[in-house]
Amino acid sequence: MSASLTHDILHGPPPPIDTGWGGGDHGGAAGRGASRAASFTGLFVLLAASTMAFAAFTSAFVVRRGLSDMDDWVSVHYPPILFLNTAILLASSFVLDLSRRALKAGDRSKFNFCWSAATALGVLFLAGQAAAWYQLKQTGVFIATNPASSFFYVFTAAHAFHLIGGVAALVYVDVQALRLRLGPAKRTAIDVTAIFWHFLDGLWLFLMVLFYVWG
Amino acid sequence: MSSPAHAAHHAPHSFIRKYVFSLDHKVIGIQYYLLGLFSVLIGMSLSLLMRFHMVNPNVSVAWLGKLWPTAAAGGVMTPELYLSLMTMHGTIMVFFVLTTVPQSGFGNFILPIQIGAEDMAFPVLNMMSFWTTFLALVVMVAAFFVQGGAPLAGWTAYPPLSGAGPLTGPGEGLGQTLWIVSIAIFCGASLMGAINFIATIVDLRCKGMSLMRMPLTCWTWLVTAILGLLGFAVLLAAGVLLILDRQAGTSFFLPAGMLINDHIIANHKGGSPLLWQHLFWFFGHPEVYIAILPGMGVASQLLSTFSRKPVFGYKAMVYAILSIGFLGFLVWGHHMFMSGMNPYSAMAFATLTMCIGVPSAIKTFNWIGTLWGGKIHFTTAMLFALGFVSLFVTGGVSGIFLGQPALDLYFHDTYFVVGHFHMIMGVAAIFGMFAGTFFWFPKMFGRMMNETLGKIHFYLTFIGVYCIFTPMHMVGIAGNPRRYADFTNVEYLAKLIPVHQFMTHAAYFTAAVQLIFLVNLAWSWRKGPKAPANPWNCTTLEWTVPSPPPHDNFNGVHPVVLHGAYEYSVPGAPRDFIMQTEPLPVPSGD
């Protein structure tokens with residue numbers, strides 16, 4: 001029930017849940033299942049909202065690009081560090097899943113190591129994005145320089161905003177793991193965080209295609 | 001036994017945890033209701049000032065001059081002040097009343113109990129979404145008090161007016177910025193609310209509460225949450241782009257070659273004002289359904305309860321709600337027939353718009369079918385539900401006119417549109433809220449409202465709103481443009497001024513009548529007779545628990561639902577209603 005991700009974050013693990021509550025037409029699928037299910041539903045609903053926001057940005061991008069004449073839309077020379085950042089983000093997703101596999105196999109120390117590594121890679125990606133912004137700024141490309149650069153800054157900022165949330169969740173799980181407080185209730189937090197992180201990964205790949213193919 | 005699930009938050013004792021930063025969905029629901037009540041009083045006051053100014057454009061009012069020393073110097077309102085009142089009236093009403101009360105207010109309080117849950121899925125998120133909405137309201141109202149005052153670009157905030165900055169007029173400086181920031185915050189709050197509503201309905205239904213056994217109110221709250229989720233995400237994205245155009249010098253929406261108040265604007269080029277319109281109305285049209293769908297749910301619930309008959313065509317009602325939600329995302333272009341869109345696009349949007357008439361007609365037909373042959377109890381709540389149906393039909397019929405591009409080209413900038421959307425989106429939705437208030441007040445506050453005062457309030461309000469908004473259609477057909485602060489000295493409109501005077505007096509009358517409601521609300525809250533658990537002999541789960549419900553809603557007992565929500569006048573049953581937790585006298589085959 002209320003044993004949700006938000007609750008976990010604020011109050012620690014919920015008490016054990018009795019059976020007989022929740023589930024509706026699952027015929028009363030009990031206790032923990034209901035809370036885990038609600039967390040996943042909440043996550044997927046959140047992903048739908050994020051997808052809509054990026055769909056709105058993308059359709060604005062397509063329309064604005066289509067309306068532009070030659071001297072208006074000037075393609076940006078994107079800093080090559082973006083490719084390195086992409087590799088870092090992909091690696092973080094990969095390591096994150098290694099970590100989940102380790103947990104399934106019961107290898108806690110490998111889980112801790114891999115999860116911490118994925119978190120570090122996530123932070124490194126954010127640093128890399130900041131470096132990309134800095135390099136663009138050095139070449140005199142600012143948000144208002146032309147519509148292509150405007151969209152680049154908007155997309156990367158919106159993505160980074162999501163990523164900061166993802167890193168916060170990664171750090172939360174990491175702290176719990178290192179303090180040996182990774183009870184079964186935290187498995188939901190682990191899975192929710194991991195799915196969110198993979199989503200941001202896929203989103204970034206889409207944005208890279210958008211920048212380099214249409215930008 | 002208290003279910004451990006609810007140990008997420010034990011009944012709090014401190015005032016702050018109990019009434020201010022509460023995690024209890026019931027307290028949060030009441031907080032939303034009160035926020036909406038405060039907002040509707042502001043919104044209504046602004047509309048009275050507008051109606052006053054329209055028929056008395058040159059009359060000096062001393063206190064207006066004190067309130068707005070610049071914008072109403074000498075006590076006479078400037079046209080710019082009129083536009084800022086119009087903007088704030090629309091914005092506050094649409095976002096902080098119509099979006100907030102039916103969904104977040106009643107939905108928060110009633111939904112978890114109706115589906116047999118102890119709380120919303122994410123109580124902390126629920127609290128955050130209320131306080132974020134509160135912050136949005138504070139930022140919005142702050143726009144009145146900054147230099148230049150409130151913005152004047154309308155609740156739709158079309159660029160270039162909303163994007164080009166202070167040059168375009170007073171209120172277009174900091175006031176407009178605060179407007180966009182407030183709406184962005186509001187979008188965030190609505191997204192949090194939508195996540196909570198959807199997760200709660202999908203995962204926290206009690207045993208036996210299958211989707212097709214849910215009360216129709218829950219269906220409308222679910223579809224409204226989905227619309228909010230998809231719509232507000234797009235509005236948030238659009239708002240980010242608009243604020244960048246204003247503050248960072250980008251050109252998403254601002255075109256080249258603008259000449260504003262004798263200034264050539266050189267630093268923008270290539271942007272598309274129409275792009276904003278598309279993004280805005282992609283949210284804006286579903287927003288209409290966000291406002292009206294919960295009212296439809298309340299009407300269905302009440303018509304069935306007070307006719308002592310099952311809802312006619314429950315499944316058809318559910319599919320109609322779903323189709324309205326789906327089609328609502330495909331018709332935004334009908335707000336833009338005037339924008340010079342390709343006539344073929346206009347035709348597509350017009351056809352899809354007509355399609356929405358089908359599920360709407362199914363709902364209306366089924367409401368009448370529900371009433372047909374029923375033993376109707378004319379309680380105040382029922383009267384407001386009937387009033388809702390009346391206003392929904394009246395407002396819906398004029399929508400069919402406006403959905404035709406050829407007619408809309410004429411009507412679009414006239415009072416016909418103002419009459420139309422006030423009927424269907426404004427007053428119908430507000431009648432849904434009144435119906436909900438009279439119906440659920442006993443559950444929310446444990447006391448009954450006064451029926452006599454309620455009925456007087458209903459009849460006078462019903463007459464009042466028709467007197468305000470019916471003539472608007474007529475002056476619209478006669479060609480009276482909307483958004484003008486003053487048309488007393490326009491020759492071709494001179495004959496319409498008495499009609500405007502009539503509408504203004506009807507508005508004063510209707511506003512005054514609302515005092516009866518406020519008195520009833522306040523008096524009943526303190527002194528009303530104690531409410532029993534089920535004063536209306538209704539079947540849904542919220543009426544199985546005491547009024548008001550205990551902290552965990554069901555006192556630790558897990559309800560088990562045995563059948564659908566509308567088992568009234570079942571042959572062979574001892575009473576004319578069977579609660580959802582009671583067995584049917586004969587196997588239902590459900």
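Leaving aside neighbours within four places in sequence, Leu229(B) is in contact with Val45(A), Ala48(A), Ala49(A), Leu191(B), Ala194(B) and Ile198(B); two residues are in contact if their C-beta atoms, placed from the backbone, lie within 7 Å. The model is predicted: local features need pLDDT of at least 70, side-chain atom pairs count only at pLDDT 80 or more, and totals for chains, interfaces and linings use all residues. Residues are numbered from 1 along each chain as its sequence is written, while chains are lettered from A and ligands numbered from 1 in the order in which they are written.

Leu229(B) also belongs to the largest nonpolar core, which has 226 residues. Such a core is a set of buried Ala, Val, Leu, Ile, Met, Phe, Trp, Tyr and Cys residues joined through C-beta atoms within 7 Å. A residue is buried if 20 or more other C-beta atoms lie within 10 Å of its own, exposed if 12 or fewer, and partly exposed in between. Along with Leu229(B), the residues with the most contacts inside this core are Ile198(B), Ala233(B), Val234(B), Ala385(B) and Ala435(B). Helix α8 (residues 216-247) of chain B gives the most to the core, with 22 residues.

Chain A has six helices and zero strands; helices (H or I, at least four residues) and strands (E, at least two) are DSSP runs, numbered from the N terminus. Of its 215 residues, 45% count as buried.

Within chain A, helix α4 (residues 108-138) and helix α5 (residues 147-178) pack at an angle of about 155°, with their axes 10 Å apart. Axes are lines fitted to C-alpha atoms, for helices over the stretch in contact, and angles run from 0 to 180 degrees between N-to-C directions. The angle therefore makes α4(A) roughly antiparallel to α5(A), a term for angles over 145 degrees; those under 35 count as roughly parallel, 65 to 115 as roughly perpendicular and the rest as oblique. Among the residues that meet are Trp115(A) and Gly122(A) in α4(A), and Leu163(A) and Gly166(A) in α5(A).

In chain B, the axes of helix α10 (residues 314-327) and helix α11 (residues 343-371) come within 9 Å and cross at roughly 155°, which makes α10(B) roughly antiparallel to α11(B). Residues making the contact include Ala316(B) and Ala320(B) of α10(B), and Cys355(B) and Pro359(B) of α11(B).

Helix α16 (residues 497-527) of chain B has 31 residues. Its buried residues include His500(B), Met503(B) and Phe517(B). The buried residues of α16(B) pack against α2 (25-55), α14 (415-445) and α15 (451-477) of chain B.

Definitions and conventions:
Expected span 1.5 Å × (residues − 1).
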